[in-house]
Every structure is written in C-alpha cells, then in structure tokens.
Amino acid sequence: MTDQPRPGVRAALSNRTIQMTLGAFAFIAAAAGTALAVQAPTSVAATDKAAIEKIVHDYILDHPEIIPQAIEKLQANRMSTTITDNRAALEKPYAGAWEGAANADVTVVEFFDYACGYCRASLPDLAKLVAGDAKVKVVYRELPILSEESSDAAKVSLLAAERGQYMAYHKAMYGAGRVTRDSIIAAAGKAGISKADAEAAIASSKYDAEIQSNIALAQKLQASGTPTFVIGGQVLNGAVGYDALQSGVAAARGK
C-alpha cells in the first residue's frame with residue numbers, strides 16, 4: 001500500500017494515469033487492426049475503413065481479455081521508456097542521499113515522505129537488501145507530498161546529504177514518530193546538525209528546486225503515493241516488501 005498525497009498533488013499525479021488509460025484503448029485498436037490486416041485474406045484486408053473497424057470492434061468484444069493485457073503491456077513498455085529517458089536524473093543522488101555500493105550494478109530508487117508510515121515500514125527491507133547485496137545502491141529521493149512538515153523534514157534531509165550525515169538523519173527521522181518541527185530538530189541533532197542550521201535549512205528556498213524536480217519525476221512515473229520504487233525498467237508502488245525488492249534487483253541484473 002501507499003500513503004496518498006495532498007489533493008492538489010494527487011490531481012497532478014493522477015492525470016498521467018488517465019492519459020495512459022486513454023492511450024491504451026487506442027493501442028488496442030491499432031494493434032488489433034494491424035494483426036487482422038496482416039492475417040486476414042486479401043479480400044478482407046482490401047475492404048474499406050468502416051469494414052476493418054467493424055472487424056476490430058467485434059474482435060475486441062469477442063476477446064475482452066485482451067483489454068487488460070494490452071493496457072498492462074502498453075504501460076510496461078511506456079514506463080520502461082520513461083525510465084530509460086530519465087535514468088540519469090533518477091539514479092544520480094543529491095549529494096550523499098544514498099547508501100550501498102558506490103560502484104553498483106543495480107540502483108534502487110525510492111521516492112519517499114517522512115510522514116509516510118509505509119515508507120517507515122520499508123526501511124528495514126531496504127537495509128536488508130543493502131546488507132545482503134554488495135552490488136546494490138539505494139538512492140533516496142525526497143517526495144514531501146503528505147504535509148507541510150514533510151517539506152520541512154525533506155529540506156533538513158537534503159542539508160544532511162550535503163554534509164555526509166544523510167543516513168544518520170534518515171534513520172533518526174523515521175525513529176522520531178510523528179513529523180513535527182520538534183521531531184525534525186531532534187532528528188537533526190542526533191545526526192550532528194545544530195538546531196540553528198536545521199532551522200535555517202527549513203527557512204531557505206535553496207532546496208525547493210530539488211524537491212520540485214523530484215515531484216516532476218514522480219509525475220512522469222505516474223506515482224500515486226509513497227513509497228514508490230524504481231528498479232531497472234519497472235516501477236513498484238507501495239511497501240512491497242523485501243522479496244519484491246530483491247526480485248526487482250534480480251530482474252534488472254538479468255537484463
């Protein structure tokens with residue numbers, strides 16, 4: 001499952017899903033029409049456009065099972081292309097916002113929010129993955145979409161990334177419980193960041209561009225909430241668990 005974003009952000013993220021669904025129906029018609037044109041007798045292939053459309057229409061009605069199959073395939077193909085086109089932006093961490101192997105053969109990207117309970121639940125799964133695989137890197141991308149305090153926590157997180165204190169803050173923040181101004185300052189202190197520096201980061205606009213870039217990437221990936229993982233050419237939504245993460249790494253490595 002995933003934690004859902006605030007209404008304004010949710011609308012922007014879901015718009016991509018609507019576009020994909022509409023595109024899928026166009027894909028079904030085009031694919032079926034092409035197949036029939038190739039496989040049908042010459043007399044049928046040469047009929048006018050209306051006749052071909054009727055054949056495609058009837059074929060889809062007779063075989064409705066191809067609709068979810070076609071949508072799934074279309075989404076997977078388009079998503080793989082989207083990931084490939086944006087791989088550099090996805091897999092290049094902000095300063096030290098990563099853990100694992102510096103020279104990894106597979107990079108796992110997590111879009112997360114410190115106010116997300118499912119992200120917190122995924123923390124031990126990611127720790128286990130990194131501990132058990134010496135060739136995996138996890139890149140953390142801030143996606144503060146659940147609350148105003150999420151954005152404050154993300155800004156201090158990016159400050160921690162600049163100072164080489166990222167994972168210390170990351171773990172302290174998730175261990176702090178509810179995300180509040182006080183819990184953010186306390187987590188920063190545990191990571192070695194002073195209250196004054198944490199408050200300055202929260203007040204600064206320095207990190208806004210990075211956060212907006214992450215939101216834009218999430219929209220391209222049709223992320224509907226947090227956590228969202230990107231592994232190889234696929235997107236995994238929600239707290240999918242260690243086994244799914246490991247399988248995703250194995251699939252990416254196999255390709």
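In which sense do β4 and strand β5 pair, and over how many bridges? The two strands, of which β5 comprises residues 234–237, pair in the antiparallel sense over four bridges. Strands are counted as paired if DSSP finds at least two bridges between them; strands (E, at least two residues) and helices (H or I, at least four residues) are themselves DSSP runs, numbered from the N terminus. The structure is a predicted model, in which local features need pLDDT of at least 70 and side-chain atom pairs count only at pLDDT 80 or more, while totals for chains, interfaces and linings use all residues. Residues are numbered from 1 along each chain as its sequence is written, and side-chain values use heavy atoms, with hydrogens and water left out.

Glu110 has Phe229 in β4 as its bridge partner. In a regular strand the side chains alternate between the two faces of the sheet. In β4 (residues 228–231), Thr228 and Val230 point one way and Phe229 and Ile231 the other way, and all are buried; buried denotes under 20% relative accessible area, exposed over 50%, and partly exposed the range in between (1.4 Å probe, protein chains only).

Strand β3 (residues 136–142) is largely enclosed by the rest of the structure, because seven of its seven residues are buried. Val136, Val138, Tyr140 and Glu142 point one way from β3, whereas Lys137, Val139 and Arg141 point the other way. Seven bridges join β3 to β2, and these strands run parallel; Phe112 stands opposite Glu142 in β3. The chain crosses from β2 through α6 to β3 in a right-handed β-α-β crossover, a term used if, with the strands pointing away from the viewer, the path from the first strand over the helix to the second runs clockwise. Three bridges join β3 to β1 in an antiparallel arrangement, with Trp98 opposite Val139 in β3.

Together, the strands form an open sheet of five, in the order β1-β3-β2-β4-β5 and with mixed pairing. β1 and β5 stand at the edges with a single partner strand each, so one side of each is left without a neighbour in the sheet. The twist averages 20° from one strand to the next. Helix α6 packs on the sheet, touching β1, β2, β3 and β4, and its direction makes about 165° with that of β2. Contact here requires heavy atoms within 4.5 Å; axes are lines fitted to C-alpha atoms, for helices over the stretch in contact, and angles run from 0 to 180 degrees between N-to-C directions.

A search of the whole structure identifies seven aromatic pairs. Tyr114 and Tyr174 form one that is tilted, at 5.1 Å centre to centre and 55° between the planes. Rings of Phe, Tyr and Trp (its six-membered ring) pair if their centres lie within 6.5 Å, with planes under 30 degrees apart counted as stacked, over 60 as edge-to-face and the rest as tilted. This pair links distant parts of the chain, 60 residues apart: Tyr114 lies in the loop between β2 (106–112) and α6 (117–132), and Tyr174 in helix α8 (residues 166–174). Both tyrosines, Tyr114 and Tyr174, are buried. One aromatic cluster contains Phe112, Tyr114, Tyr140, Tyr166, Tyr169 and Tyr174.

Two lysines are placed over aromatic rings. The charged end of Lys128 sits over the ring of Tyr242, 4.2 Å from its centre, and Lys137 lies over the face of Trp98, at 4.9 Å from the ring centre. The criterion is that NZ of Lys or CZ of Arg is within 6 Å of the ring centre and within 35 degrees of the ring normal. Lys137 is also 6.9 Å from Ala102, C-alpha to C-alpha, although 35 residues separate them in sequence. Ala102, found in the loop between β1 (98–100) and β2, counts as exposed because its relative accessibility is 52%.
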